[in-house]
Amino acid sequence: MKKYIMITRNSFMSSIIYRFHFFYTSLSNIFYIIIIYFLWKAIYRGSGGSINGMTFNQTFIYLALALSIFCLFKTYTDWEMSYEVVNGIIVMDLIKPIDIQLMKMFGAIGFVFYNFITVTLPALFIIIFIFQPGVITVRSIALSIIPMVLAFFISFNIDYVIGLTSFYTESIWGISIAKDTIVLLLSGAVIPINFFPDILRKIVGFLPFQAIYHIPLTILISKDMSIYDYLKFLGIQLSWAIVLYAVNRLYYSKAIKVVTVNGG
Amino acid sequence: MNIVKIENLSKHFKILKSSGGFIGAFKDLFSRDYKIIKAVDNISFKVQEGEIIGFLGPNGAGKSTTIKMMSGVLEPTSGSVLINGYIPYKDRRKYVRNIGVVFGQRTQLWWEIPVIESFRILKEIYKIDPNIYNENMKLFNDLFNLKELYNIPVRKLSLGQRMLCDIIASFLHNPKIIFFDEPTIGLDVSVKNKIQTLIKELNKVKKTTIILTSHDIGSVEALCRRLILIDKGTLIYDGNIQKFNRIFGAYRTLKVELERFGGSSIEVLSKTIGEKFSCKHPIQVREDDDGWISLTINQDEVKLQDVLNYIMKVYLIRDLKIEEIETENVVRKVYEGELA
């Protein structure tokens, strides 16, 4: 276990080295939040307070937080794996007595810590103290911790399945872009799921993406979540986590047989 | 005791035939026209514990593919590999615990962080006992004194410094066997020597079995007592390096650039030299792509000086150099039966 913690530590240390990247990511996310604020302010102007059962405050906070989580979970695992396969660097992982999936995951966790400091923390600060939405309570923050961890796990496994695909296809540029778009849209990170037409909402209910954003965010911004709803949400997340993990194990055992190690 | 046992090992790759050109690139998107490349073809050999053996072969001979199969990264198409009691690709994670691999083109160190941090993480990955770790670190310091490199991030090291650190890192967990794939590629002579001493010393102290590949005869000669020569995936020589040296050590390649050679043909030169200096292993004359003419001469039979004198008499020499025999020429000579 200690080796995986060391990997997390090293990946955090590696990412924090590039100072300009640090400041730039902080700033760009804050600008984005400001854009969301004015865009949805304009949309709500003619609406009389509430659209699809959500007030402006709820919608804004939902989207600003969704973006922050998106940046928080953006660890580029799929890009990194594809890069390693294309350039043959993957061989350096294969010659170590280490589990690739766990290694990638703990590396991604280090990245998440970095993202938390650069993106999520400043964003939270701005959302809570400047826009003062007043829907986030200590209780809702506490309740959303476990769903956040599960959401990361699901998000990572979706990245990883794309990353493993590069064992077959080497380059995954197109697949990866498509995945980012699909995840953003169907998870309710760009438009809240409550705004979706009924049929789409039903379809999305059967997909894992909503478990990344919609579930933890709903928990975070609802004032009076019943314990029944909470457990139901956790159940959905947990099932997806287990299913995706198992699929990846199986996929890896197939993919590792075909991986070509380029160069050298 | 044999630590490596390889029998009838083959690795075939299926690759897409490229049509070439701009239109061809589009055609390739839909093409299912594959061809089979035999990267490694029916190789067998054994290695004793503590041996240093050199894999020599020109670029693309299948050296790296063999190393990749031996280190458990690639699954062989056919044949068997048994190293240290394991079938590498089957028990990969257990097997790699007791091996080290260094690829000259890549690094196993973490790019952004100081060298010593990479050592620490390797310590955890291989579950190295703290005593063994400290003992090894001390040994490295006593032997090579690389301490001043430890706090520099790997990306800021020069290629040679990085290679030294990479080699040390591969010895850190006391592996039974280490594979070096082109460890001296792209390095200048002084660093090359340093790396050779490093490998030699550590082999002596730790009794680690070492398998090393190279396309350059010099570095194999400097380290190994036994040599395996491969070309186009097949094994063409496996044996003592002294015998090899006795035969090829006498060879030199004389390279000359001639003034106004354009008019006369290489065949004429080849024929006249062949007649003038007749011997058991005739002098090979070849025109290189860059216009230089190289003559491969066996010094036991013909004096290089005589050949040079003759050429100087007939032609005007603009420039000349004398080199050791190239691996490609060795391979050609082995095919011609010179080692048999």
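Here is a short exchange on how some terms apply to this predicted model.

Me: What makes A:A64 part of a nonpolar core?
Reply: A nonpolar core joins buried residues of the nonpolar kind, Ala among them, through C-beta atoms within 7 Å. A:A64 is listed in the largest such core, which has 142 residues. A:A64, A:L65, A:A66 and A:I154 have the most contacts inside that core.

Me: Which residues is A:A64 in contact with, leaving aside its neighbours within four places in sequence?
Reply: They are A:I33, A:I36, A:A123 and A:I127. Contact means C-beta atoms within 7 Å, so each of these four meets that cut-off with A:A64.

Me: Which domains of chain B does this core draw on?
Reply: The core takes at least three residues from each of domain 1 (2–11 + 42–246) and domain 2 (251–324) of chain B.

Me: How far apart are the centres of those two domains of chain B?
Reply: The centres of domain 1 and domain 2 of chain B are 39 Å apart, taken over C-alpha atoms.

Me: Why are β5 and β9 of chain B called edge strands?
Reply: β5 (99–103) and β9 (234–240) of chain B each pair on one side only. The open sheet has 6 strands in the order β5-β6-β7-β3-β8-β9 (chain B), with mixed pairing. From one strand to the next, the twist averages 15 degrees.

Me: How do you know that β8 and β9 of chain B pair?
Reply: Pairing needs at least two bridges. There are 6 bridges between β8 (residues 226–231) and β9 of chain B, so the two strands count as paired. They run antiparallel. In this pair, B:L229 stands opposite B:Y237 of β9(B).

Me: What packs on the sheet next to β8 and β9 of chain B?
Reply: Helix α9 (residues 241–248) of chain B touches both strands. Its direction makes about 100 degrees with that of β9(B). Helix α2 (residues 63–70) of chain B lies across β3, β6, β7 and β8 of chain B. α2(B) runs at about 150 degrees to β6(B).

Me: What makes up the side of chain B that touches chain A?
Reply: 24 residues of chain B are in contact with 20 of chain A. The elements giving two or more residues to this side are α2, β5 and α4 (115–125) of chain B. α4(B) gives the most, with 5 residues.

Definitions and conventions:
Residues are numbered from 1 along each chain as its sequence is written. Chains are lettered from A and ligands numbered from 1 in the order in which they are written. This is a predicted model: local features need pLDDT of at least 70, side-chain atom pairs count only at pLDDT 80 or more; totals for chains, interfaces and linings use all residues. A residue is buried if 20 or more other C-beta atoms lie within 10 Å of its own, exposed if 12 or fewer, and partly exposed in between; C-beta atoms are placed from the backbone. Domain bounds come from an automatic or database domain assignment. Two residues are in contact if their C-beta atoms, placed from the backbone, lie within 7 Å. Helices (H or I, at least four residues) and strands (E, at least two) are DSSP runs, numbered from the N terminus. Axes are lines fitted to C-alpha atoms, for helices over the stretch in contact, and angles run from 0 to 180 degrees between N-to-C directions.
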